[in-house]
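Subject: Structure handover

Hi,

Here is the structure I promised to send over. Please open it first, then read my notes below.

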Amino acid sequence: MDLLNTLLDKGLRRELPTRDEALAVLATSDDELLDVVAAAGRVRRQWFGRRVKLNYLVNLKSGLCPEDCSYCSQRLGSKAEILKYTWLKPDQASEAAAAGLAGGAKRVCLVASGRGPTDRDVDRVSDTIKAIKDQNEGVEVCACLGLLSDGQAERLRDAGADAYNHNLNTSEGTYGDITTTHTYADRVDTVQKAHAAGLSACSGLIAGMGESDEDLVDVVYALRALDPDSVPVNFLIPFEGTPLAKEWNLTPQRCLRILAMVRFVCPDVEVRIAGGREVHLRTMQPLALHLANSIFLGDYLTSEGQAGKADLDMIADAGFEVEGTGEVTLPEHRATAQAGCGSHADASAEAGADEGAGCGSHGGGGCGPCGSTAREAAPEELVQEAARGSEARTDLVAVRRRGAGTDLAPNA
């Protein structure tokens, strides 16, 4: 298949595919799926071998968020029956992190709901970072606290944070359909603040919110231009009690195509399968390890994930190995120079002025996740619309009732 040969060659050279090539990956048939996985898998192995990095989430503060992100169970007005609690103390957070680290995780991701941290919140998280690092030599800590104000990224770096996560989530063109209390530009600004402070930037997307193929390509091209070291790919968990509860748009095959497209566009960054893999990839999860080199271990922020032991068995059975704390995740050229997926300058140049430098500015719009649309739906999209809900697996959506914020042992 000429497309896959071209994409493989570009991935091995860290060259940016064209938009048409990226869109073509999403349009491949089920008959071609294993060929797509095989080609993207060669790119993955070129830069990351057969290693799988394990990450562990600790939800420092759950629920009670003033933002209105439609996909989020912690949003303003959410009726999802999730755990709600205020800030964990540093020793509580460190105890929660210890379970994930004992299970093989090398990075702890400290997450707190809210628009963004106050300076006092930064102090709290700084104390938590110190507590975790004092007890666990070599652990990486990533903070995810929302929109950053000037100077806060530097304070987190000085406290020992290694990375900062803030996802773009979707394309710039459809961002206003899912959130009104902040803007796409606000998110870009926070990723840039993390970069400028010397933190490893982590930024990704959520698939399955009713977006078009063009929207998915837009956000991945925008991520490449922002140059994060890691790109988490979330698959929407349609929580009852949120505006997107009926958005069941994903199949395991669709998820694999999305992961392959991300790998081709960002060949040498840490691509992480994040929230929703158990719900949407299901029994195809091991195949996804040929595309992504990183996963979350155990539970997520407000939902339960696959048992940590099952994650480890899956990795071993698929012929992969858990990345050790002494191993460097990123390829040498990124680890030493943080050059980016390709290079930042090359990515912008190759995207081209007529493509808006890949910064999510595609004018095609697309079906908004709340049912609004900026254009007339194509026939194939009408078929997809009619099929929505037929594969809903609400039985796979389980609210987290253990771990951080509870007296029960975490799933790690």
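How many helices and strands does the secondary structure of the protein chain come to? There are 16 helices and 10 strands. Keep in mind that this is a predicted model.

**Confidence**

The protein chain averages a pLDDT of 86. At least 70 is the score for 87% of the residues. Residues 339–390 fall below 50. That stretch still has 85 contacts in the model beyond near neighbours in sequence. Where pLDDT is low, the predicted coordinates should not be read in detail.

**Overall packing**

The protein chain has 412 residues, and 58% of them are buried. Take the contacts in the chain with a separation of 6 or more: 78% of them link residues 24 or more positions apart.

**Cores**

The largest nonpolar core has 102 residues. V58 and L156 have the most contacts inside it. Helix α10 gives the most to this core, with nine residues. A second, separate core also has nine residues, including L57, C142, C144 and Y300.

What does L156 touch, leaving aside its neighbours within four places in sequence? Its contacts are V122, V125, S126, I129, A143, L145, L148, A161 and Y164.

**Around strand β8**

Strand β8 covers residues 270–273. E270 and R272 point one way from it, while V271 and I273 point the other way.

Strand β7, residues 230–235, pairs with β8 in the parallel sense over four bridges. Here V233 stands opposite I273. Between the two strands the chain passes through helix α10, residues 252–265. This β-α-β crossover is right-handed.

β8 also runs parallel to strand β9, residues 294–296, and two bridges join them. I273 turns up again here, opposite I295 in β9.

**Cysteines**

How many disulfides does the structure hold? The count is zero. A disulfide is a covalent bond between the sulfur atoms of two cysteines. Two cysteines are worth a look for burial. C255 counts as buried because its relative accessibility is 0%. C266 is buried too, with a relative accessible area of 1%.

Best wishes

Definitions and conventions:
Residues are numbered from 1 along each chain as its sequence is written. This is a predicted model: local features need pLDDT of at least 70, side-chain atom pairs count only at pLDDT 80 or more; totals for chains, interfaces and linings use all residues. Side-chain values use heavy atoms; hydrogens and water are left out. Buried means under 20% relative accessible area, exposed over 50%, partly exposed in between (1.4 Å probe, protein chains only). Two strands pair if DSSP finds at least two bridges between them. A crossover is right-handed if, with the strands pointing away from the viewer, the path from the first strand over the helix to the second runs clockwise. A disulfide is a pair of cysteine sulfur atoms within 2.5 Å. pLDDT is the predictor's confidence in each residue, from 0 to 100. Contact means heavy atoms within 4.5 Å. A nonpolar core is a set of buried Ala, Val, Leu, Ile, Met, Phe, Trp, Tyr and Cys residues joined through side-chain atoms within 4.5 Å.
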